[in-house]
Amino acid sequence: MENEVVVRFDNVTKLYKLYKSSRARFKGLFSKKVPYKENRAVKNLSFEVRRGESVALFGRNGAGKSTILKMVTGVTFPTEGEVYVNGKVSALLELSAGFDIESTGRENISFKCSLMSMNEEEIKAVEGDIIKFADIGDYIDQPLRSYSSGMKARLGFAINVNAQPDILIVDEALSVGDKAFQKKCKDKVAEIMADEDVTLLFVTHSLTTAQDFCSRGIVLEKGTKLFDGPIEEAIEFYEAKN
Amino acid sequence: MNTIKEILDEHLQYKEQIIKLAKSDLVKTYRGAALGWSWAIIKPLITLFVFWFAFSVGLRSGKPVEGYPFFLWLEAGFLPWFFMQEMITGGAGCIRKYSHLVTKMKFPVSIIPTYVNLSHLFIHLIILGITFVLFAAFGHAPDIYALQIPLYMFMMLVFFIVWSLFAGMLSALSKDFQNLVTALSSAIFWMSGIIYNVDDIPSRWVRILLKFNPVTVIATGYRRVFIYKKWFWTDKVSLVCFAITLTVAILGALWAYRKLRKEIPDVL
């Protein structure tokens, strides 16, 4: 029996309106006559991902990968069509997203987890794991503005992977910090993926990493889907094109 | 209708986070300064001292109103104005201020105006306490009319949450709008009954026109509590004007939210 669909794109188009200036954009609010250029980042895209699948997205810069991931996380919205997402999404996209630099590491853990709709108990339960994983020592009780960018990224990574996501989104983020921490990150993602109920969406330029983690690949170009199938065939297709 | 439901749902779902965010907004504004958030109180205290000095020591002008020194009369109106002044411009900037949440993660944008207003309301409560002490020091202890304070405070809070949603959305789209609000804020001040009593104006139409400015209604309301000792239902015109302005503001906020919610993350 096939698992239920957790991510579905239904004829999704994402259009960025490029106005000449912010004044023109403001005028555009009241009148349709104000001229603007269109950038179609995603064109008429449809696909489904089922629970437990691990899917890699390939494509050159500007293929629409980031826009797709942003729509799955709910940061940005489709212009046309529908995006359906079922489950708690954790994104390793912008690792320091939502951090408040004046608050301490510990405060930020509780704050970010609560924005992911976790309650106090659930947060308490994962706090220890997060602190242990981030491994930043006494800094955990210091305000974030005293952190190095590497420490912020490690804390961000630790929160996102320990928040028990249903859908995990990874965008090249496995290259955080030093070699040892990178390995730890890869192992952690592998560990999460061992749970058959977790779904993975993965964007990378490293084909070998993709092959390690994913069983299915989608190749994109200029916002349209060129290929969707088993990972080996997807990689072959992508390499043949370049 | 759907927009109202969406906004209310977000508030229900994130009610705990709203409180948390309000606290962190308060802390964030003043952390880093050695005296911390006591600045929030020092600022209005200085203004108060200036009033006292200017009108009771220096100019010695401004006749006592209903037996209250003129500077106390001023303070009764400035008490809500401190909040409203912050929220006119702060409300317009609220979504920009939190753009790092809007553009980087899934975040309920409609709660931003609410917690920014709540965080300022806390400072308002402290200044309210100081005002009560001040009036008591001049021999005017709080009386039964003080029971109206929660009503006027609630009206003020609701109006400025709605305003912040409207102005915050439009300012997120265009900095020009934010500048416009800043430029207009002194006009709003002078066209409201903060430094004169609107009911003393001879022309009835000007009186009514000024009452469409919610700042007038709220500031006069606080004065009716502290100085004039009148109940809110004795001035129905003000209540009707306020209701009309609030309705227009709600419609504007819903329009702005519906139109811009999906565009804001791409623009900021």
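I take a nonpolar core to be a set of buried Ala, Val, Leu, Ile, Met, Phe, Trp, Tyr and Cys residues joined through C-beta atoms within 7 Å; buried requires 20 or more other C-beta atoms within 10 Å of the residue's own, with C-beta atoms placed from the backbone.

The model is predicted, so I note that local features need pLDDT of at least 70 and side-chain atom pairs pLDDT 80 or more, while totals for chains, interfaces and linings use all residues. Residues are numbered from 1 along each chain as its sequence is written, and chains are lettered from A and ligands numbered from 1 in the order written.

Entry: cores. I looked up the largest nonpolar core, which has 65 residues; Met84(B), Ile95(B) and Met169(B) are among those that touch the most other members. H4(B) (70-97) supplies the largest share, 15 residues. A second, separate core of 55 residues includes Met71(A) and Ile130(A).

Entry: Met169(B). Leaving aside residues up to four places away in sequence, I find Met169(B) touching Ile95(B), Ala256(B), Tyr257(B), Leu260(B) and Ile264(B) (contact: C-beta atoms, placed from the backbone, within 7 Å).

Entry: H7(B) and H8(B). I record that the two axes come within 5 Å and cross at roughly 130°. Ala167(B), Leu170(B) and Ser171(B) of H7(B) meet Phe177(B), Gln178(B) and Val181(B) of H8(B).

Entry: chain A with chain B. I find 20 residues of chain A in contact with 21 of chain B. On the chain A side, H1(A) gives the most, with four residues.

Methods. Two residues are in contact if their C-beta atoms, placed from the backbone, lie within 7 Å. Helices (H or I, at least four residues) and strands (E, at least two) are DSSP runs, numbered from the N terminus. A residue is buried if 20 or more other C-beta atoms lie within 10 Å of its own, exposed if 12 or fewer, and partly exposed in between; C-beta atoms are placed from the backbone. Axes are lines fitted to C-alpha atoms, for helices over the stretch in contact, and angles run from 0 to 180 degrees between N-to-C directions.
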